[in-house]
Amino acid sequence: MNTANTATSTPVMPPKDSEAWHQGEIEMQERVGVRQQMADVGKRVLRDHLIDQHRQFYPQLPFAVFGTVDENDNVWATLRANHPGFLSASDPYHLSVNLPRDAYDPADAGMGDGKPIGMIGIELHTRRRNRLNGRITAQTNTKFDIRVGHSFGNCPQYIRLRDFEFVRDPMAAPTSKPEISGELDDRARKLIAKADTFFVATYVDRDGGHREVDASHRGGKPGFVHVDTDGTLTIPDFAGNQFFNTLGNILCNPKAGLVFTDFATGDVLQITGDAEVITEGPEISAFKGAERLWRVFPRKSVWRASALPIRWRPQEEGMSPNSLLTGDWESAEKKLAAMSAAQQWRSFKVVRITEENHLIKSFHLEPADQGGMMSFNPGQHLPIRVNVAGQDKPLIRTYTLSSAPSDAHYRISVKREGAVSGHLHDNLNVGDTLEARAPAGDFSLLPDIKRPMALMAGGIGITPMMSMMRHAVYEGLRTRNFRQIWLFYAARSIADRAFDAEIVELVKAAQGNIRIIRVLGDPDGATPRKDYEASGYIDMNVLRAILPFDDFDFYLCGPPPFMQGLYDGLRGLNIADKRIHAEAFGPASLTRSRDSDDVVPELPRASSKATKVVFAQSNRSAVWQPDANKTLLEVAEDAGLTPEASCRGGNCGTCRTKITQGSVTYKNRPSAKVGPDEALICCAIPAEPEDGEPTPLFLSI
């Protein structure tokens, strides 16, 4: 997993001590767009003393995690245990720690009088935790005090619940000598591979040589830490409090100390090494819940068998709900492999079929080859290829995904209205397979946007909205920051409406952040307010009456007249074109009026002369005639070729083809993105040559 080219860590200079945060923390906060917000938070939550709540909390703890720096500037994390009461605060500025020195613990070298120290106090049986740093004072062989520098609370996420018991006198000297190594042996690798919890220490030198050490907790599903063949550790960074103490320290000072423990045996593995922060790369999107990664390159490891006098046992159902929303490296590696073969057709098995209404069935798909799911953006479609009776070649169609990227399976929800959809409805059963390749499409939820959004769906146009809402709810639960959603959903009748129960569950899970407005063209047999909120159809009158027009993003999906009417109405209210996103069905496309500041180059003129079209890979050619009104796809089919295509309207991108010579244009601008050396042949025609001389068009078909 070690892909060094994705690393983006750079040394930064320490800031003035007047800042609540140091420069590394500030840089991380700026990268995620919360700098100003966290400046205010820092002034409120970072204290130079222990509040009463913390003074009452620390004496309850049976252990604490400390971070120190040895004489060679190596940072170490350690876990030390004693009976509750070993931590106490006689005044708000000092925390007394009743622990003996331990020469076998490499972190002990940094526990001398006057040394900087970081600490996190954590109750694994309640998920409460608080954090502090400061300097050691009044140090003896059996205790020391910490003069508080910073003290602050931490949220309880990613902590697995565990109950504890002591198995020996915690004040007795350990008997097992440490085993020191420059690399990770099999025993260490196995401990890391099964870990759902570890602790990390980092440090930074601020102005005037003032050193601050931090100790922190990390948790996830077992397997969330990856051990590379060379011993490099790769760790996903999940949504947190956005303080970025650990990663900010690493930006300033690329070092880290980790401590893993076997909670059942008391074995301890301590690692010190170099570190880096990774903010870009495919591994991030492949690991469910990861917002970035960081790596540790071990230089020294210390194994201490049965070092702890305490043991823990996991509580039933004790996994953190936050951790359950994240992934593991086995799944991430499968997804990375799938991404590398994105354009290849793969076999997918139907694992479940759901009837959403009398017209729509949902097919839940998983890779038949046991490989990974390919990543996608909510709102995109899945190209599938099926063999239909009476057809001499497989047929390709694209169906919008109604599942979220975080779901375990792909789900396509198909309305019966053609040869392929009829085949799926009538002939596809659980256990059967079909072929699919990477999801695609430009109609998708904008990433990293927190503006409220209005989703407007007509009929089967609800499918991408289901994907978007499922994703928004997952992200809201994962980050504890929900995006406001208004869903306007129109159907002819209550019998034609799909996903009613699922939408209700999403509304509940969104904790008041999704509002649904259901519109029925024919409300006969339906109860107002119980079954629908408005009758007729979705138009600007409905929107004006219900929607508090604000700084919205609008997403439209449904029949062409439905979308065109809403688009024109929104533009009439001066809603910016770039805020209105739409997915067209079939060959239809949306006629847009561009914003005044949106400069879109004009399409080249169509060729006025017959143009030779060479299909390079097939070693065939044909002549396109300007008066025949045929697309390049139709010309290829007339020549006996069978290029892949689906929508025939320039919307799905399935027919995207490389141009090796010549140029093309379009009668109507396609909605799918296309590169300068590509053509969407389902709607492309040869362009007029600049010099007016007929030029053969070469396509890689």
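Is the crossing of α1 and α5 left-handed or right-handed? In this predicted model, the crossing of these two helices is right-handed. The points below take up that pair, then helix α2, whose buried residues pack against α1, and finally helix α13, which covers residues 560-572.

**The α1 and α5 pair**
- Helix α5 runs over residues 245-252, and α1 packs with α5 at an angle of about 115 degrees, their axes lying 7 Å apart.
- Because angles of 65 to 115 degrees count as roughly perpendicular, α1 and α5 are described as roughly perpendicular to each other.
- On the α1 side the contact is made by Gln23, Gly24, Glu25, Glu27, Met28 and Arg31, which meet Asn245, Leu247, Gly248, Leu251 and Cys252 of α5.
- Sorted by class, this contact of α1 with α5 holds four nonpolar, four polar and three charged residues.

**Helix α2**
- Within helix α2, which spans residues 35-45, the buried residues are Met38, Ala39, Val41 and Gly42.
- These buried residues of α2 pack against α1, residues 23-31.

**Helix α13**
- With 1.5 Å a residue, the 13 residues of α13 should span 18 Å, and this agrees with its end C-alpha atoms, which are 18 Å apart.
- Buried in α13 are Phe562, Met563, Gln564, Leu566, Tyr567, Gly569, Leu570 and Arg571, and what covers the buried residues of this helix includes the strands β24 (453-458), β28 (553-557) and β29 (580-583) together with helix α12 (540-546).
- Just after α13, asparagine 574 adopts a positive phi of about 65 degrees.

Methods. Residues are numbered from 1 along each chain as its sequence is written. This is a predicted model: local features need pLDDT of at least 70, side-chain atom pairs count only at pLDDT 80 or more; totals for chains, interfaces and linings use all residues. Side-chain values use heavy atoms; hydrogens and water are left out. Buried means under 20% relative accessible area, exposed over 50%, partly exposed in between (1.4 Å probe, protein chains only). Helices (H or I, at least four residues) and strands (E, at least two) are DSSP runs, numbered from the N terminus. Contact means heavy atoms within 4.5 Å. Axes are lines fitted to C-alpha atoms, for helices over the stretch in contact, and angles run from 0 to 180 degrees between N-to-C directions. Angles under 35 degrees count as roughly parallel, over 145 as roughly antiparallel, 65 to 115 as roughly perpendicular and the rest as oblique. A crossing is left-handed if the near helix is turned anticlockwise from the far one by less than a right angle, and right-handed if clockwise. Ala, Val, Leu, Ile, Met, Phe, Trp, Tyr, Cys and Pro count as nonpolar, Asp, Glu, Lys and Arg as charged, and the others, Gly among them, as polar. The expected span of a helix is 1.5 Å times one less than its number of residues.
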